[in-house]
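Could you walk me through this model, with the cut-offs spelled out along the way?

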Amino acid sequence: MKKLTIFLIVPLTILAAFMLYRADTQFPDRQLYEAAIPSLPQFESEAMALRLAEAIRIRTISHDDRSNFDAEAFLGFHRYLEDSFPRVHAVAERELINDYSLVYRIDGRDRELKPALFMGHMDVVPVDPATADQWSHDPFSGAIEDGVIWGRGAIDDKLTVMALMEAMEALLASGNVPARTVYFAFGHDEEVGGKDGARQAAAYFRDRGVSFEFVLDEGGAVTEGMISAVEAPVAVIGIAEKGYVNLHLTVAAAGGHSSQPPPHTAAGILAQAIVRVEDNPFPASLSAMEPNFAYIGHYLPFGTRVALANTWLLGPLVESTLLAEATTAASIRTTTAVTMLEGSSKSNILPTRAEAVVNFRILPGDSVASVQRHIERAIDDPRVSVRAEMANEPSPVSSTESFGFRLLERTIRGMDDSVLVAPYLVQGGTDAKHFVDLSDSVYRFVMFRANPTTMKRVHGIDEQIAIDEYTRAVGFYYALLSDLDAA
Ligand SMILES: [Zn+2]
């Protein structure tokens with residue numbers, strides 16, 4: 001008995017020591033220290049706030065029903081940019097893409113260097129009429145009160161468009177031009193998929209053989225209290241985004257009166273298929289989270305570090321912990337959401353056709369085809385046909401060693417070294433997805449503070465940005481634009 005205990009204790013002690021050792025060494029501090037950034041000018045915050053407020057007043061709304069498209073609003077917005085940023089418009093080559101999207105080119109000092117692309121979108125989501133009266137200020141008033149700018153687009157995404165313009169205008173005013181050529185691409189339909197705007201802008205660059213050192217779009221932010229167990233704010237930079245596909249499951253059957261039904265109607269067969277879809281979720285994979293763990297691991301509690309440093313043994317435990325929450329589950333697997341159902345149009349008529357739509361957000365590593373295969377295998381019923389629509393492959397994963405990532409990292413840390421930097425996987429879609437073949441380095445980040453409260457305002461009620469924060473966003477772009485020389 002004694003012998004057996006020793007037999008167990010010795011290897012277990014060695015194992016525990018090994019795991020603790022890994023927890024201690026696996027996560028060195030990856031943050032940059034003493035990152036120097038170019039000095040920032042004294043911005044005229046009040047004037048900049050007034051210009052953003054005016055931009056909010058222009059109702060560049062994207063409706064799902066494109067017949068509601070207000071061309072005059074977008075053309076008005078173009079004129080507004082022209083009037084507000086005369087220096088940019090004096091030196092930039094401006095191109096209209098598909099009438100309503102904009103591409104600007106500002107030539108850099110060194111034409112040998114590959115250009116950089118900064119993206120944003122001019123359109124905003126509509127205000128839900130059911131909640132319009134819950135806004136503290138009219139959503140298109142551009143009200144400024146107590147140091148806060150109010151209205152739809154204050155964050156998503158007139159913040160980006162206007163802050164980029166302000167930064168470039170200020171840089172030109174200081175007598176400088178960027179080291180490398182800079183492009184701005186401002187879409188007009190990001191909120192409805194970017195098909196007419198960003199996708200056409202990407203085609204425009206492709207036709208001209210223009211590719212980029214890096215691309216920066218929205219999609220990340222400085223998060224506060226959004227990563228549990230990390231107290232410091234974390235600037236998450238999107239290095240990849242999930243793919244998207246709707247699978248339409250259809251069953252056809254002979255119709256007839258419901259008084260003499262077969263044992264399974266088209267709707268019943270479809271319902272069984274849906275059960276099998278939900279019972280066969282996609283396997284979890286920690287690989288998309290690994291770059292994120294590498295950057296914030298050092299700041300996690302020791303227990304969490306032991307688990308993350310020893311996924312060879314504790315991987316299943318880590319996975320089941322992350323799968324327990326919908327928000328973290330979405331980071332480690334292709335998600336399945338049954339969203340639409342249709343059967344007979346009348347209660348006493350057998351359906352001749354039943355259809356369900358299942359929406360998938362695809363993890364890098366999976367593909368539209370592999371998702372369809374997985375689902376066809378799970379259903380395993382020739383009566384159910386599966387058709388893919390609105391398919392977008394997941395993006396490639398951009399490196400954290402590139403010039404572009406390093407630039408973002410040192411600028412964020414240089415502005416405030418209490419903010420940690422970490423790469424992450426964007427769960428939604430951005431216009432950047434149209435540009436992944438034009439650069440190996442596609443990043444998604446906007447300098448604004450995202451916490452559970454501010455995130456509810458994006459596409460929600462009381463969207464707003466503090467003047468201080470807006471000024472910081474302008475400063476961030478100014479620092480990026482002044483620091484484009486090294487490669
Ligand atoms: Zn947006």
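How many of the seven residues of strand β14 are buried? Six of the seven are, so that strand β14 (residues 420-426) is mostly covered; buried means under 20% relative accessible area, exposed over 50%, and partly exposed in between, with a 1.4 Å probe and protein chains only. Strands and helices here are DSSP runs numbered from the N terminus, with at least two residues (E) for a strand and at least four (H or I) for a helix.

Before going further, a word on the source: this is a predicted model, in which local features need pLDDT of at least 70 and side-chain atom pairs count only at pLDDT 80 or more, while totals for chains, interfaces and linings use all residues. Residues are numbered from 1 along each chain as its sequence is written, and side-chain values use heavy atoms, with hydrogens and water left out.

**Strand pairing**

Two strands pair if DSSP finds at least two bridges between them. Strand β14 pairs with β9 (residues 234-241) in the parallel sense, over seven bridges. Within this pairing, I237 is opposite P423 of β14.

Elsewhere, three strands form an open sheet with antiparallel pairing, in the order β4-β5-β17. Its edge strands are β4 (144-145) and β17, each of which pairs on one side only. β5 and β17 run antiparallel and are joined by three bridges, and V148 stands opposite A466 in β17.

D157 lies in the loop between β5 (148-150) and α5 (158-173).

**Aromatic rings**

Rings of Phe, Tyr and Trp (its six-membered ring) pair if their centres lie within 6.5 Å; planes under 30 degrees apart count as stacked, over 60 as edge-to-face and the rest as tilted. By this rule there are 19 aromatic pairs. Two edge-to-face pairs are set out here.

| Pair | Centre distance | Plane angle |
|---|---|---|
| Y295 and F405 | 5.9 Å | 65 degrees |
| F445 and F476 | 5.5 Å | 70 degrees |

Y295 in helix α8 (residues 290-296) and F405 in helix α13 (residues 403-415) are 110 residues apart in sequence, so their pair ties those parts together. Y295 is buried at 2% relative accessible area, and F405 is buried at 0%. The other pair in the table also links distant parts of the chain: F445 is in the loop between β15 (442-444) and β16 (449-450), and F476 is in helix α15 (residues 467-481), 31 residues apart. Both F445 and F476 are buried. Ring pairs also link Y104, F118, F184, F186, F214 and F403 into a cluster.

A charge sits over a ring if NZ of Lys or CZ of Arg is within 6 Å of the ring centre and within 35 degrees of the ring normal. R30 places its charged end over the ring of Y295, 4.4 Å from the centre. Likewise, the charged end of R413 sits over the ring of Y33, 4.8 Å from its centre.

**Positive phi**

Which value does phi of D99 take? Phi is near 70 degrees there, positive in a residue other than glycine. D99 belongs to the loop between β1 (93-97) and β2 (101-106) and is partly exposed at 48% relative accessible area. H459, also not a glycine, has a positive phi of about 65 degrees. H459 is in the loop between α14 (452-457) and β17 (464-466), and is partly exposed at 42%.
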